[in-house]
Amino acid sequence: MTLAVEVIDVHKVFNAGHSQRVEALAAVDVMVGEGEFVSLIGPSGCGKSTLLRLVADLLEPTAGRIAVNGKTPRQARLDQDYGMAFQQAGLFDWRTVAKNIELPLELKGWDKAKRRDRALEMLELVKLPDRADAMPWQLSGGQQQRIAIARALASHPSLLLMDEPFGALDEMTREHMQAELLRICAATKTTVIFVTHSIPEAVYLSDRVVVMSAGPGRITSIVSVGLDRSRDEGTREAKQFYDKITEVREALRGNPVGAGRDDR
Amino acid sequence: MNKQVVNKQVVNKQVVKSRSLRPLVFGVLALALLLAAWESYRNWIGPWLGTERNVGTVFGFKLLPRANDLAMPSVFDMAREFGEPQTRGSATSVVEVVAEATLNSLLLALAALAVGVLVGISAAIVMTRFDFVRRGLMPWLVISQTIPLIALAPLTVTWGGQISILGFEWEKWTSAVVLGAFLSFFPIAVGALRGFSSPTSESLELMDSYAASWWSTWRKLRLPAALAYLTPAMRLAASAAVFGVIVSEITVGLTDGVGFLILSYLQEGTSRPAKVYTAIAGTVVLGLAMASLISLGDRYFARHLPKETTA
Amino acid sequence: MVFGVVFLGAWEVFVRWQHVRPFVLAPPSKVWAAGANNLEGIVDAMKVSGGNALLGLLFGTVLGCLVALFTAAVRWIGEIVNPLAIAVNAIPIVVLVAIFTRMYEADSETPRRIMTTLTAFFVVFINVSRGLRENSATHNELMQSYAATTRQKFLKLRLPNASSFLFTGIRVAAPLTVITAIVAEYFGGNRNGLGASISGFFSISKKDVGLAYVAGASVLGLLFFLLAAVLEYVSVPWQRRRVSK
């Protein structure tokens, strides 16, 4: 399996040399294969968002190496190899829904007709085909996040980076969005790195769950979920689902079951 | 936990110190640039454009000021004026007169602010307590911020020495304080009202669950919550008080105040053109003094609060 | 509303009952009559003061935007203007009209227009600068993830974001220019504006006429505010959700 993302022995220190020095990540190793859905989960301060931003080249590692599609993160960002979604949808209030989706395409210099077509295609994908000319403030939180995801996938990147995108939504909407996300990613065959606080969310969505601990941020263990790819209503109530949730929970408590980095 | 808070305060103080010098330096630089522009216009640019006698035109509009000694005295003349005697042969110098007038106006502005704050907060309390009062007064409070209340300033021109309310003689300075208080009342009332209404319903329900009286709730919940809103409101109110006092001095003719001094020095324009600038300097000092007092008060009372809410 | 009616009623009753002498205050009925009688004069005065305010608003807005844009490119311009803006908030700068009065001819409206321009300029400058500076963290990270050039980021994020602050600034500045225009007239000069008329009538104890002119000034201020508020509402629809400043 080719590797979409390689994180090798990465350290990240903020404010080095100052009194407020923080060691956000220490000796982190992760490999993400093409088409995999990997979640990062852990308590506050474990560095999961930092790790995501290192992959996105929004931050630079203090030590270690990261490869995205075989390139440096900087090159991957310049080549627009990934799309990113944040906890806030971050849509531009002054643009229509369609124009918001077109934003990354505009920046890459696509021509008008192609942009419009792609935007409409993405709207179909996220099941909001008739809201192309609506304004963001007319949409609900869940709908705005769907547009943000549509925007992240607009240029058909091979990698999707998501930082707790469903964090601000209520439970019902959340579960619905999770199913939608899986459907979309299956259709586009995108690799996904997904940061979350929620154990059920991580287990439901992922092929593997990377469990992290704080002080400094490290990987405690990596849990293989191995659920059947075709998830449906029943998946959330299957025994295997609960077992995996328990496994992740135990790992979070510091009792890792199975393979993973051991560090204490 | 305590250690964190202490560290934060230490850090904040350090940051504040170095940050507060920079705007001061640039402020002085800005002033210096203005003075330089003034001098270069009156000495070189003006004469070069031919505006020594008459107002120059730009695209047919009379926009360029006259660049002679009467219209634009030099900065050095302005500075020198401070040391000159008040009137020919008078014992007091201009700087003494201006300083005293500035002090008088400052006292009036402070009094005006005090009254405005008192009445404003009281009104806000009443409006918070009695909803029908709030509904009745609220639109007027909102409208007051859009209409030029200052237009009422000359109303009190003929009141001086003629009215007595409950045995209190209406002096000229009363007009200044009343106008200043009137203008500062509105931002305070609006800010205090917003602040008193700011606690979430959850917090209010919490107080209810303690069977707290309305006054206890006000004292322990609403009032502290309002402090964040009162800070920007106080700034607005302070400048409104200064504004009201100055304008009142001009329209009513309150000779003790620095606002009146501007007008009277303006009328000496032909004989001593630079004099009016001393009074203007006094006014600037007045405004800055009020603002500094408010900032000091804010820093003392609201030390522990997070960053202020915009009004 | 009810309060307003009650207030007017109380005012009328108070003046009549107390036999308040005419040089102190006038009852609303007399003010209304005076207004009707002097309508043409009031409207003319409104035009003069309003014209000064409007010109100041226009020029001040344009200048404020320009300087704010320059500040985005060249930091130190903003560092020089900012302390001035802070000082201007504390000081009644309208007194500067005394300086300008002698720089121009005796019957010129220019000093007043300079004052209103300055008033609007500082308000708009502060607002637009903030708009250019304050972009949400999510928006900034998003643009960074797109490897957007500085120019792209400016055109597609900072500028549109600032436009909402611009219209808020205009809404705040509009009533202030009216106030400045009126107060500037207290310092001498032409006698045909609202400020001059008001002080004139009040000093000769014609309170009813004076108050009628005050009503005219209020209408002018309200008009400016409403126009600016409507402009803001139309141009920045997404702010309808946010709390107004």
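This is a predicted model: local features need pLDDT of at least 70, side-chain atom pairs count only at pLDDT 80 or more; totals for chains, interfaces and linings use all residues.
The contact between chain B and chain C draws on 50 residues from chain B and 48 residues from chain C. On the side of chain B that touches chain C, the elements that give two or more residues are helix H1 (2-49), strand S2 (61-64), helix H4 (131-144), helix H7 (214-252), helix H8 (258-267) and helix H9 (275-301) of chain B. H9(B) provides the largest share of this side, eight residues. Sorted by class, the side of chain B that touches chain C comprises 38 nonpolar, 10 polar and two charged residues.

Chain C also meets chain A, with 15 residues of chain C in contact with 16 residues of chain A. On the side of chain C that touches chain A, at least two residues are supplied by each of helix H7 (137-145) and helix H8 (150-184) of chain C. The contribution of H7(C), six residues, is the most that is given to this side. In terms of class, seven nonpolar, six polar and two charged residues make up the side of chain C that touches chain A.

Within chain A, two domains are assigned: domain 1 (1-81 + 160-264) and domain 2 (89-156). A distance of 26 Å separates the C-alpha centres of domain 1 of chain A and domain 2 of chain A. Their contact involves 13 residues from domain 1 of chain A and 13 residues from domain 2 of chain A. Helix H6 (residues 171-188) of chain A accounts for the largest share of the domain 1 side, with six residues. That side of domain 1 of chain A holds nine nonpolar and four polar residues, and no charged residues.

Two helix pairs in chain C were examined for their packing. In the pair formed by helix H3 (residues 39-73) and helix H10 (residues 207-235) of chain C, the axes come within 10 Å and cross at roughly 40°. H3(C) and H10(C) are therefore oblique to each other, and their crossing is right-handed. From H3(C), the residues C:Ile42, C:Ala45, C:Met46, C:Ser49, C:Gly50 and C:Ala53 meet C:Ala212, C:Tyr213, C:Gly216, C:Leu220 and C:Phe224 of H10(C). This contact of H3(C) with H10(C) consists of eight nonpolar and three polar residues, with no charged residues.

In the other pair, the axes of helix H6 (residues 110-133) of chain C and H8(C) come within 7 Å and cross at roughly 155°. Because angles over 145 degrees count as roughly antiparallel, H6(C) and H8(C) are assigned to that class. The crossing of H6(C) with H8(C) is right-handed. By class, the residues of the contact of H6(C) with H8(C) are 16 nonpolar, 10 polar and three charged. H8(C) also supplies at least two residues of the side of chain C that touches chain A.

Not counting residues up to four places away in sequence, B:Ala109 touches B:Gly180, B:Ala241, B:Val242, B:Val245, B:Leu286 and B:Met290.

Note on methods:
Residues are numbered from 1 along each chain as its sequence is written. Chains are lettered from A and ligands numbered from 1 in the order in which they are written. Two residues are in contact if their C-beta atoms, placed from the backbone, lie within 7 Å. Helices (H or I, at least four residues) and strands (E, at least two) are DSSP runs, numbered from the N terminus. Ala, Val, Leu, Ile, Met, Phe, Trp, Tyr, Cys and Pro count as nonpolar, Asp, Glu, Lys and Arg as charged, and the others, Gly among them, as polar. Domain bounds come from an automatic or database domain assignment. Axes are lines fitted to C-alpha atoms, for helices over the stretch in contact, and angles run from 0 to 180 degrees between N-to-C directions. Angles under 35 degrees count as roughly parallel, over 145 as roughly antiparallel, 65 to 115 as roughly perpendicular and the rest as oblique. A crossing is left-handed if the near helix is turned anticlockwise from the far one by less than a right angle, and right-handed if clockwise.
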